[in-house]
Amino acid sequence: MKKNKMVRDFVDTEFTAEAGYEDILELSRACKYSNCTHITEEDCAVQRAIQEGTLSVERFNAFYKDKNEAEYVTKQKNKTKAIEYMKQRDLFKRS
């Protein structure tokens, strides 16, 4: 039971990279594909909004940059915690 709690602590369940970009999230609900990256997919509502001028390219670029940076940081943080956990287990086994 304790081990499962430790594993859950490594997962960032509060990931909200899209916070502050509710307008883009709302647009993305109208995309053809639920996993749309808003870059190359056909029938992308976000790209359509950019083409129509209702969403600026600068705002979309800021969203994409923030999202990518948040995902990178989250992954790095999790890897670091996982490595620390494994080191602690190795030390525990030796004692």
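Start by selecting C31, which counts as buried at 10% relative accessibility. The model on screen is predicted.

**Cysteines**

Keep C31 selected and look for sulfur partners. How many disulfides does the structure hold? The count is 0. C31 is in no disulfide, and its nearest cysteine sulfur, that of C44, is 3.8 Å away.

Select C44 next. C44 counts as buried, at 4% relative accessibility. Which cysteine sulfur is closest to that of C44? It is the sulfur in C36, at 3.7 Å, which is too far for a bond. A disulfide would need the two sulfur atoms within 2.5 Å.

Now select C36 and display its surroundings. With its neighbours within four places in sequence left aside, C36 is in contact with C31, E41 and C44.

**Aromatic pairs**

A search of the whole structure finds 3 aromatic pairs. For one of them, select Y21 and F63: the ring centres are 5.3 Å apart and the planes stand at 70°, so this pair is edge-to-face. The angle exceeds the 60 degrees over which a pair counts as edge-to-face. Y21 sits in the loop between α1 (2-10) and α2 (22-28), while F63 belongs to helix α4 (residues 57-94), so the pair ties together parts that are 42 residues apart in sequence. Are Y21 and F63 buried or exposed? Both are buried.

Move to F60 and Y64. This aromatic pair is tilted, with 5.7 Å from centre to centre and 35° between the planes. Both residues lie in helix α4, 4 residues apart, which is about one turn of the helix. F60 is buried, with a relative accessible area of 5%, whereas Y64 counts as partly exposed at 29% relative accessibility.

Finish by selecting Y21, F60, F63 and Y64 together. Ring pairs link these four residues into a cluster.

How values were computed:
Residues are numbered from 1 along each chain as its sequence is written. This is a predicted model: local features need pLDDT of at least 70, side-chain atom pairs count only at pLDDT 80 or more; totals for chains, interfaces and linings use all residues. Side-chain values use heavy atoms; hydrogens and water are left out. Rings of Phe, Tyr and Trp (its six-membered ring) pair if their centres lie within 6.5 Å; planes under 30 degrees apart count as stacked, over 60 as edge-to-face and the rest as tilted. Helices (H or I, at least four residues) and strands (E, at least two) are DSSP runs, numbered from the N terminus. Buried means under 20% relative accessible area, exposed over 50%, partly exposed in between (1.4 Å probe, protein chains only). Contact means heavy atoms within 4.5 Å.
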